[in-house]
Amino acid sequence: VPIPPISDLQTTDERLMLAFADGDKTAFEELFLRYRQSIYAFYRRRIVDQARAEELTQETFLALLRAAGRYQPRALFRPYLFAIAFRILSADRRKSALRAFLFLSAGNNEPSETPAPEEVLWLRQAVSRLEKTDREILLLREFEQFSYLEIAELLRMPVNTVRSRLFRARLALQEILLSPRGERAQTQISAQEESV
Amino acid sequence: MNAITGEHPVEREEIMMFMDGELAAGRAVFVSRHLESCPACHRMLADFRATSQSLSHWAVHPAPVVLPAWPENRLSRFLQVLRPRYLAAMVGVALALTFWAQTSPSRIQLSEREVRAKLTKREAVQVKYPEEAKQKGIQGVVHIHIVVGRNGSVKQLDVVQGDPVLAKAATEAVRKWKFEPTLVRGKAVEVESVVEIQFQLVD
């Protein structure tokens, strides 16, 4: 089977990853262009600090650079890349938790900066009220569009658990969004959308 | 358990799975038909979709992230891997190893007298005076640097000085010497020393 050139839009991520593992620079650039936004958004929705989201995005692609040699062709690229991102996110959370613990920064490990203007603040707040694993499952489903099975593998839990927690998370979020405060925020959302 | 009412043919989670495309084809058709006839389930699906719809407003601005530098050669690729924290870890390991090596030496130096004292008599091989040297009247001293392994046998040996003919005879004998193990805090260590072999013709 002849391998199509990198410029070919049909080139799969997996093929690009293999070409990149072989030292093909353009393959890496192509993967970066394909995934930069989704990886950045992944961090941005989970971390308040924009600069840190940028750093972790960089770190994810650096990790990809380093890990290229160990990539197994039978693994799908997208879950593979997000697994790296997820590991980096977990490590970063542990680090912040440790820092918060060591410096006793009033238990607040998220910097209290004003969010970027595009931020739909209410949604972030609503989602942040969910239990943390439920929240993670919901985000992976709604934004990263992973299947239940993929989420189960990423979070190392049974698919049944993913399903029941996702169900619970959605009901809870629905309730939060429909609460009086939520309705007020809903109007805020449309106002913000018009201004952006 | 999740059924809305006792006789309900569809579980609540299945409605969510239907929306997520997680049901097997046959079951999806069944749930789809049920949704047409059941206002409660239809309402639930609509609510799930509305929640998803609300979330979709959560957009993220374009990533201001630039392509990480592609390492041009093996060395820079290697250096890129060596981030400060790894570097710090490696320095730490190196220091620990040095410290460990100093606190528990793997080889010590002994004087000739000390090392000869450890020579097990039974296996100490006598040095033969070479015939050639006897005939030519060669005599003198040979210095040999030896390293005794942990098991007590000579594992390395170098002539420091001496007549080549005498040195050959000396090394042949010393090579076969055996020593009692030397212990430092209960652990056998290698020993190095310089031994002196005298060759003197008796008139």
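Residues are numbered from 1 along each chain as its sequence is written, and chains are lettered from A in the order in which they are written. Because the model is predicted, local features need pLDDT of at least 70 and side-chain atom pairs count only at pLDDT 80 or more, while totals for chains, interfaces and linings use all residues; side-chain values use heavy atoms, with hydrogens and water left out.

## The two chains

The secondary structure of chain A consists of nine helices and zero strands. Helices (H or I, at least four residues) and strands (E, at least two) are DSSP runs, numbered from the N terminus. Chain B has eight helices and five strands, in the order α-α-α-α-α-β-α-α-β-β-α-β-β along the sequence.

Of the 196 residues in chain A, 46% are buried, and of the 203 residues of chain B, 35% are. Buried means under 20% relative accessible area, exposed over 50%, and partly exposed in between (1.4 Å probe, protein chains only). The accessible surface of chain A is about 10400 Å², with 55% of it belonging to carbon and sulfur atoms. Chain B exposes about 13100 Å², and carbon and sulfur atoms supply 56% of that area. These areas come from the Shrake-Rupley method with a 1.4 Å probe; for residues, only the protein chains shown count as cover.

Contact means heavy atoms within 4.5 Å. Among contacts in chain A between residues at least 6 apart in sequence, 63% join residues at least 24 apart. In chain B, residues 24 or more positions apart account for 69% of the contacts with a separation of 6 or more.

## Salt bridges

Over all chains, the structure has 21 salt bridges. A salt bridge is a side-chain nitrogen of Lys or Arg within 4 Å of a carboxyl oxygen of Asp or Glu.

| Residue | Partner | Distance |
|---|---|---|
| Arg46(A) | Glu136(A) | 2.9 Å |
| Glu131(A) | Arg165(A) | 2.9 Å |
| Arg141(A) | Asp20(B) | 3.2 Å |
| Arg170(A) | Asp20(B) | 2.7 Å |

The side chains of Arg46(A) and Glu136(A) meet in a salt bridge. Arg46(A) lies in helix α2 (residues 25-46) of chain A and Glu136(A) in helix α6 (residues 132-142), so the pair ties together parts that are 90 residues apart in sequence. Arg46(A) and Glu136(A) are both buried.

Glu131(A) forms a salt bridge with Arg165(A). This pair also links distant parts of the chain, with Glu131(A) in the loop between α5 (121-128) and α6 and Arg165(A) in helix α8 (residues 159-178), 34 residues apart. Glu131(A) is partly exposed, at a relative accessible area of 36%.

The salt bridge between Arg141(A) and Asp20(B) joins two chains, because Arg141(A) lies in helix α6 of chain A and Asp20(B) in helix α1 (residues 12-20) of chain B. Both of these residues are buried. Salt bridges that share partners join Arg46(A), Arg93(A), Glu136(A) and Glu144(A) into one network.

## The contact between chains A and B

In total, 48 residues of chain A are in contact with 34 residues of chain B. The two chains bury about 3900 Å² between them, 66% of it on carbon and sulfur atoms. Buried area is the accessible area (1.4 Å probe) that two parts lose on being put together, summed over both.

Between chain A and chain B there are three salt bridges and ten residue pairs in polar contact (both at pLDDT 80 or more). A polar contact is a pair of N or O atoms within 3.5 Å; within protein, one must be able to donate a hydrogen and the other to accept it, and residues adjacent in sequence count only if both atoms are side-chain atoms. On the side of chain A that touches chain B, α2, α3 (50-67), α5, α6, α8 and α9 (180-195) each supply at least two residues. Helix α2(A) gives the most to this side, with ten residues.

## Helix α7 of chain A

In helix α7 (residues 148-155) of chain A, Tyr148(A), Ile151(A), Ala152(A), Leu154(A) and Leu155(A) are buried. They cover an arc of only 165° around the axis, which puts them on the same side of α7(A). The arc is that of the directions from the helix axis to the C-beta atoms. The buried residues of α7(A) pack against α4 (77-103), α6 and α8 of chain A together with α1 of chain B. Just after α7(A), Arg156(A) takes a positive phi of about 50°.
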